Amino acid sequence: DATIAFTDDLDDTFRKTWGVSLLDILPEILWELPGGAVSVHRYHYHDHVAERFARAFPDNLASWCEEHRIALTGHFMSERTLYSQTLALGEAMRCYRAMQLPGIDNLCDAKEFTTAKQAVSVARQKGREGVLSEIYGATHWDFDFIGHKLQGDWQAALGITVRVHHLSFYTMEGEAKRDWPASISFQSPWYQKYRYIEDHFARVNAALTRGKPLARVGVIHPIESFWISYGPCDQTQLLRDKLDENFVNLTEWLVHGLVDFDFLSESMLPGQYVCGGQPSMQVGEMEYEAVLVPSLRTIRNTTLDILERFAAAGGRVIFAGEIPKLVDAKPSDRAEKLAARCARADFARYD
């Protein structure tokens with residue numbers, strides 16, 4: 001029902017950070033509290049393992065790469081949904097924060113707008129040169145040039161600038177011929193014509209990497225509301241499904257509505273926010289004229305500090321759908337008080 005990460009010294013570092021033994025409160029991580037109460041310890045656990053993973057793996061590698069003038073790139077598994085990244089990463093956006101060239105993976109010609117938006121948002125805010133995508137995997141032998149261009153085009157439109165192809169076979173012997181085709185090499189009769197695709201993207205990406213991105217809308221990422229909802233299936237599955245459906249819908253409504261936006265990671269926001277005199281929110285290298293708070297269950301005090309300051313300076317804050325009743329996973333009316341002074345909308349495509 002709930003698979004969780006653990007390591008030998010996790011109880012030691014959790015106790016040092018939060019002042020309580022993880023082993024003493026472990027049942028709250030796995031099971032629901034009585035009466036629908038939300039476990040602050042579960043919230044702290046997911047934040048803690050996300051931070052430990054990010055520091056130990058991508059931050060560590062990126063630091064070494066920086067010292068040796070190398071760009072750390074690649075992708076993480078399970079980036080797409082709130083459920084999958086909670087299970088495997090804790091928080092996908094936090095994993096990209098130190099990478100010199102953040103990247104994603106895209107299999108089966110899926111339209112993973114959430115995956116692309118998370119990585120591109122961090123790259124923009126960090127002022128990175130571009131974003132990588134491992135592209136065209138598992139698209140089969142009948143995937144034609146129309147498909148190659150379409151998948152490349154929507155990724156370019158969302159900010160993908162470096163293409164890493166699921167490329168060519170060493171051998172087609174035996175079952176290898178069925179392993180993640182097609183091969184963009186001599187095994188495919190069209191491979192000598194493939195420059196029709198790549199010349200197009202070479203020009204598009206040359207233009208994209210020489211401009212400065214402009215996105216006027218920031219969206220608070222909802223991953224932390226999922227953490228507190230990650231319990232037994234019989235009690236939390238419908239809520240988890242709703243949160244992931246909201247995540248996909250919100251991304252697609254904005255993208256298809258031609259409203260470019262960046263996700264804002266609550267864990268990274270305090271270190272990225274720059275206080276200025278203009279009615280815009282500067283987050284790293286980006287400036288946003290409006291910030292959308294999309295039907296969250298919980299929000300951070302640090303996020304509310306910034307949103308209150310932004311709203312007081314004339315910035316536009318929009319609450320869509322449910323107003324968070326929890327702050328740092330504890331009951332609070334602070335978000336409701338802010339929402340009363342800001343724009344409100346139903347969490348629906350039309351609104």
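**Close-ups of strand pairing in a predicted model**

View 1. Glu-134 stands opposite Val-164, a residue of β3. This is a predicted model, and the strands shown here are β2 and β3 (residues 162-165), which pair in the parallel sense over four bridges. To get from β2 to β3, the chain goes through helix α7 (residues 145-157), and this β-α-β crossover is right-handed.

**View 2. The other pairing of β2, with β1.** Here β2 meets strand β1 (residues 103-107), again in the parallel sense and over four bridges. Look for Ile-104, which sits opposite Ser-133 in β2.

**View 3. How strand β2 sits in the structure.** Why is β2 (residues 132-137) described as largely enclosed by the rest of the structure? Because five of its six residues are buried, where buried means under 20% relative accessible area.

View 4. The strands line up in the order β10-β12-β13, and the pairing is mixed. At the edges are β10 (298-299) and β13 (330-331), each pairing on one side only.

**View 5. Zooming in on β10 and β12.** Strands β10 and β12 (residues 326-327) run parallel and are joined by two bridges. Pick out Ile-299 and you'll find Val-327 of β12 standing opposite.

How values were computed:
Residues are numbered from 1 along each chain as its sequence is written. This is a predicted model: local features need pLDDT of at least 70, side-chain atom pairs count only at pLDDT 80 or more; totals for chains, interfaces and linings use all residues. Side-chain values use heavy atoms; hydrogens and water are left out. Buried means under 20% relative accessible area, exposed over 50%, partly exposed in between (1.4 Å probe, protein chains only). Two strands pair if DSSP finds at least two bridges between them. A crossover is right-handed if, with the strands pointing away from the viewer, the path from the first strand over the helix to the second runs clockwise.
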